[in-house]
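Open the structure in your viewer. The tour goes selection by selection.

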Amino acid sequence: MRKKNKKDDDLDTETTIVDMNVEGFRWYDPSKKSGEKKVPLKISRKEYWRMVRGAFAAYAPMIICIVVSFLIVFGLAYLWLS
């Protein structure tokens, strides 16, 4: 009689991580789509602009680094070629 491998016991085959019922796949079945409908968030104009400002504040350091590095490379190329 063989012993069962411990790895086989720990394998979880029941949990679904991602729904693979995607339009375009050959196994796509539109009747299997979940019945949950996503409700769009109701945000005010003030909240919207605060989110826009927050996004700009998050991206500003990266954009500044890119612009500064471009200017440094441009300046070095100018000095080297003149």
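Predicted model: local features only at pLDDT ≥ 70, side-chain atom pairs only at ≥ 80, totals over all residues.

Residues are numbered from 1 along each chain as its sequence is written, and side-chain values use heavy atoms, with hydrogens and water left out.

Select residues 45-81. This is helix α2 (helices are DSSP runs of H or I, at least four residues, numbered from the N terminus). α2 has 37 residues and reaches 51 Å from first C-alpha to last, close to the expected 54 Å (1.5 Å times one less than the number of residues). Of its 37 residues, 1 is buried, so α2 lies largely in the open.

Go to alanine 60. A kink of about 40° lies here, shortly before proline 61 (the angle between axes fitted to the seven residues ending at a residue and the seven starting there).

Now look for aromatic pairs: rings of Phe, Tyr and Trp (its six-membered ring) with centres within 6.5 Å, stacked if the planes are under 30 degrees apart, edge-to-face if over 60, otherwise tilted. How many does the structure hold? There are 2.

Select tyrosine 48 and tryptophan 49. They pair edge-to-face, 5.1 Å centre to centre, with 80° between the planes. Tyrosine 48 is partly exposed at 40%; tryptophan 49 is partly exposed at 48%.

Next, select phenylalanine 70 and phenylalanine 74. This pair is stacked: 6.3 Å and 20°. Both residues lie in α2, 4 residues apart, about one turn of the helix. Phenylalanine 70 is exposed at 54%, and phenylalanine 74 is exposed at 53%.

Technical notes. Buried < 20%, exposed > 50% of the residue type's maximum accessible area, 1.4 Å probe, protein only. Helix = DSSP H or I, 4+ residues; strand = E, 2+ residues; numbered from the N terminus.
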